[in-house]
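Here is a request for a short report on a protein model. Please cover selected residues, their surroundings and their ring pairs.

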Amino acid sequence: MKKWSLVGILGISMFAVCLGGIVALVPVANRIWSGGIHWNFISTNASGADAVEELRAPVDGPADLTINTPFGKVDISAEEGGSEIVVTSHKYAWGTTQQAAEDLLKKTEIVLLQDGNSVKVYVDQPVEVSLIHIGPASISVDFTVRVPTDCSVNASTSSGDVSLSGTTGTAVIHSSYGDVSTQAVRGEVSATTSSGEVTVRDVTAGAESVEATTSFGEILVRNARGSSLNAKSSSGDVTVEDSAFTGQASLSTSFGDIEATNLEAQSLDARTNSGKVILSGLAIGDELAAHSDFGDIEVKASSAQSYTLDTSSGKVVAEDATGRIKARSGFGDIRVSGSEAVLDLSTNSGSIEFRGSLGDGDSTLRTNFGDIAVYLPADAGFEVDLSTDFGDVECGFAVTSTEHDSTRVTGTVGAGGPRLEASTNSGDVSVQPQSDR
């Protein structure tokens with residue numbers, strides 16, 4: 001009984017597989033009967049042919065363009081005062097002979113569909129059948145497009161560059177293998193590629209967001225404005241310059257450096273798995289967070305309510321910082337300067353240095369292997385707790401001590417104030433008045 005049940009199940013499964021195969025072959029069969037199949041049994045394309053076509057679509061208001069090509073470039077630019085979408089296509093085809101290439105070129109059609117002010121452009125390409133290949137034929141189509149300025153664009157290619165400039169609508173551009181770029185665009189921007197560089201310049205997104213992502217390639221965002229920024233690369237540097245966002249700016253890469261200069265945002269999250277994080281001239285409303293698994297972190301001439309700086313292996317430098325500053329390093333030095341700072345600084349192996357003034361709250365500096373040096377204003381008042389297991393403790397301020405020896409100093413400096421705790425397992429601890437130099 002079980003045997004016949006098993007046979008029945010296998011029979012049903014075989015029938016389902018066969019039926020699925022027949023269904024999958026129906027579109028191919030239709031293409032064969034309609035002449036949409038390009039037969040190429042040798043699959044050696046030594047000859048080529050090309051042709052240029054132009055299609056026009058008149059529009060009478062804000063337009064919406066969707067355009068894609070399987071292989072080729074897409075270049076879209078806005079024309080001030082324009083009242084039509086002009087699509088110029090440059091088609092290329094290759095075949096085993098010149099005649100085969102020209103026949104394939106004739107079968108490659110550019111289709112423009114229009115519904116009011118909505119325009120869709122795509123390539124109707126033959127399927128190629130060879131001894132080793134069933135799929136898209138050996139063609140490519142480059143598009144050069146002129147659109148009115150108030151046009152939203154969705155442009156994509158499987159292989160080639162995509163560029164867009166001058167529009168005021170939503171911009172979505174994508175390439176699987178190629179660079180993507182936008183310039184002088186006003187509106188929401190999403191620029192993505194699986195493999196290539198992403199460049200976003202002179203963008204004003206208003207209350208909308210700016211997205212720039214790539215799996216393999218560098219990202220550059222320059223002079224961009226919007227509600228938020230997401231710039232992400234799986235492998236490549238991420239650079240942001242002269243930009244401002246009312247919400248969060250998120251910058252990330254798995255392998256590469258992150259550099260941001262003259263950036264404004266409500267919050268910043270910058271992180272890399274392997275590389276440096278270099279931040280300069282930033283104005284962050286809330287938290288400034290920077291992380292690297294393997295690399296240095298440097299923050300200079302930047303303001304934020306709080307700082308969270310973390311690296312597993314590398315140094316951490318924060319200059320002219322204010323507010324709460326949390327810095328961690330697995331293996332590296334930490335150097336911080338600033339005013340009214342509340343500190344939480346620690347490293348497993350490295351030295352720690354702070355120059356500036358303490359804010360209200362408890363400040364803690366901790367290293368397992370390294371020296372700690374703190375330089376405060378000569379008239380500062382604070383509570384102090386300094387200790388080392390193997391090394392010396394020195395305090396250049398007059399301390400009303402509760403404990404004072406070569407490895408431990410606790411007490412009050414001046415009129416008291418914020419609490420400073422500094423400790424190391426192996427190294428010296430020194431707290432000194434700042435010099436006038």
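## Basis of the model

This is a predicted model, in which local features need pLDDT of at least 70, side-chain atom pairs count only at pLDDT 80 or more, and totals for chains, interfaces and linings use all residues. Residues are numbered from 1 along each chain as its sequence is written, and side-chain values use heavy atoms, with hydrogens and water left out.

A212 sits in strand β17, which covers residues 209–214. Strands here are DSSP runs (E, at least two residues), helices are runs of H or I of at least four residues, and both are numbered from the N terminus. The relative accessible area of A212 is 0%, so the residue is buried. Buried means under 20% relative accessible area, exposed means over 50%, and partly exposed lies in between (1.4 Å probe, protein chains only).

Which residues does A212 touch, not counting those up to four places away in sequence? They are A191, V198, V200, I219, V221, N230, A231 and K232. Contact means heavy atoms within 4.5 Å. V180 is 32 residues from A212 along the chain, and their C-alpha atoms are 9.2 Å apart.

## T410 and its contacts

T410 belongs to strand β37 (residues 408–413). T410 counts as buried because its relative accessibility is 10%. Setting aside neighbours within four places in sequence, T410 contacts V384, D385, V399, T400, S401, T402 and E403.

Two residues are taken up here. A184 is not a glycine, yet its phi is positive, near 55°. A184 lies in the loop between β14 (180–183) and β15 (189–193). With a relative accessible area of 40%, A184 is partly exposed.

N223 also is not a glycine, and its phi is positive at about 55°. N223 is placed within strand β18, residues 219–226. Its relative accessibility is 31%, so N223 counts as partly exposed.

## Cysteines

How many disulfides does the structure hold? The count is zero. A disulfide is a pair of cysteine sulfur atoms within 2.5 Å. C151 is buried because its relative accessibility is 0%. C395 has 17% relative accessibility and therefore counts as buried.

## Aromatic pairs and a charge over a ring

The structure has two aromatic pairs. Y92 and W94 form a stacked pair, with 6.3 Å centre to centre and 15° between the planes. Rings of Phe, Tyr and Trp (its six-membered ring) pair if their centres lie within 6.5 Å; planes under 30 degrees apart count as stacked, over 60 as edge-to-face and the rest as tilted. Y92 is partly exposed, at 25% relative accessibility. W94 is partly exposed, at 34%.

F382 and F397 form an edge-to-face pair: 5.3 Å centre to centre, 85° between the planes. This pair links distant parts of the chain, 15 residues apart. F382 is in strand β34 (residues 382–390), while F397 is in the loop between β35 (393–395) and β36 (399–404). Both F382 and F397 are buried.

R355 lies over the face of Y375, 3.9 Å from the ring centre. A charge sits over a ring if NZ of Lys or CZ of Arg is within 6 Å of the ring centre and within 35 degrees of the ring normal.
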